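The sequence and the structure come first, and the description follows.

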Amino acid sequence: ARNRRFALELPDGKTEEFDLDGQGPARLASALRDRLKTLPQDTLYPWLSSLYSVAEVDEPSGPPPDMHPMSWPEARRFIGMGHAIAPHTRTHRILSQLSDAESHAEISDSAARMHEETGERSVVFAYPTGRLQDFGAREMSALGEQGICCAVSTDPRAVLAGDRIHALPRYSLPNTVGDFAQY
């Protein structure tokens, strides 16, 4: 960001002070991400333009190359190698923050699109963000309606007897190749 200190109005109308040099960009980004996850999802994407403008950052045309989602041809190739993929919603929004209709569509449309593109039907689902407050009984019911037998959260622990089948914990992959090799 060319602007290192600025005040910014968040989508909920509250103003936050940002000091990239004093607080550190990574720590600020993490705190901002966590805060934005608590706000209504339909306000976030339109709000991003104001962040880019105030921070004096060139608005990206898409995700960085190393963050691009897998393409459908890549997914089909991956499946052809013996791997499985699972639906993960259409737009990666936090399901618990959506209306009943939006939450249901995020789940059902992602399962339908995966089947349309790959010919495969998954019995597993991975919640976007996956924190326990990001989904609930409504989403678990919608998954059952789609024939999805289990779903994983991002609750970082081992599965225990009594865990809900549509809210299973899992460990995330490590962030570095060295840590991955060690695991």
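In this predicted model, the lining of the second largest pocket is made up of six nonpolar, five polar and two charged residues. The space in this second largest pocket amounts to about 150 Å³. Its lining comprises 13 residues, of which Ala111, Arg121, Ser122, Gln146 and Ile148 are the closest to the centre of the pocket.

| Helix | Residues | Number of residues | First to last C-alpha | Expected at 1.5 Å a residue |
|---|---|---|---|---|
| H3 | 44-55 | 12 residues | 16 Å | 16 Å |
| H5 | 100-118 | 19 residues | 27 Å | 27 Å |

In helix H3 the span from the first C-alpha to the last is close to the expected value, and the buried residues of this helix are Leu44, Trp47, Leu51, Tyr52 and Ala55. Because these residues cover an arc of only 155° around the axis, they lie on the same side of H3. An α-helix has 3.6 residues a turn, so residues three or four places apart point the same way. The packing partners of the buried residues of H3 are strand S1 (5-9) and helix H2 (25-36), while the face turned away from the buried side carries Pro46 and Ser53, both of them exposed. After H3 comes Glu56, with a positive phi near 55°.

Helix H5, whose span is likewise close to the expected one, has as its buried residues Ser103, Ala105, Glu106, Ile107, Ser108, Ser110, Ala111, Met114 and Thr118. The elements that cover these buried residues include helix H4 (72-80), strand S3 and helix H6 (137-145). Ala111, which is buried in H5, is also one of the residues closest to the centre of the second largest pocket. Just after H5, Gly119 has a positive phi of about 80°.

In helix H6, the residues Glu139, Met140, Ala142 and Leu143 are buried. Viewed down the axis of H6, these residues fall within an arc of 160°, and they therefore line one face of the helix. Ala137 and Glu145 are exposed and sit on the face of H6 that is turned away from the buried side.

Two single residues complete the picture. Val124 belongs to strand S3 (residues 124-126) and counts as partly exposed, because its relative accessibility is 29%, a value that falls between the 20% limit for buried and the 50% limit for exposed residues. Leaving aside residues up to four places away in sequence, Val124 touches Ala86, Pro87, Ile148 and Cys150. Its C-alpha atom is separated by 21 Å from that of Leu98, which is 26 residues apart from Val124 along the chain.

His166 is located in the loop between strand S4 (150-152) and helix H7 (177-182). With a relative accessible area of 13%, His166 is buried, since the cut-off for buried is under 20%. Not counting residues up to four places away in sequence, the contacts of His166 are Tyr127, Phe135, Met140, Leu143, Gly144, Ile148, Cys149, Cys150 and Ala151. Among these contacts, Met140 and Leu143 are buried residues of H6. Ile148 and Cys150 are touched by His166 and also by Val124.

Terms used: Residues are numbered from 1 along each chain as its sequence is written. This is a predicted model: local features need pLDDT of at least 70, side-chain atom pairs count only at pLDDT 80 or more; totals for chains, interfaces and linings use all residues. Side-chain values use heavy atoms; hydrogens and water are left out. On a 1 Å grid over the protein atoms alone, a cavity is a set of points where a 1.4 Å probe fits but cannot get out, and a pocket is an open set with protein on both sides within 12 Å along at least five of seven lines; lining residues have an atom within 4 Å of a point. Grid points are joined across faces, edges and corners, and a volume is the space filled by probe spheres set on the points. Ala, Val, Leu, Ile, Met, Phe, Trp, Tyr, Cys and Pro count as nonpolar, Asp, Glu, Lys and Arg as charged, and the others, Gly among them, as polar. Helices (H or I, at least four residues) and strands (E, at least two) are DSSP runs, numbered from the N terminus. The expected span of a helix is 1.5 Å times one less than its number of residues. Buried means under 20% relative accessible area, exposed over 50%, partly exposed in between (1.4 Å probe, protein chains only). The arc is that of the directions from the helix axis to the C-beta atoms. Contact means heavy atoms within 4.5 Å.
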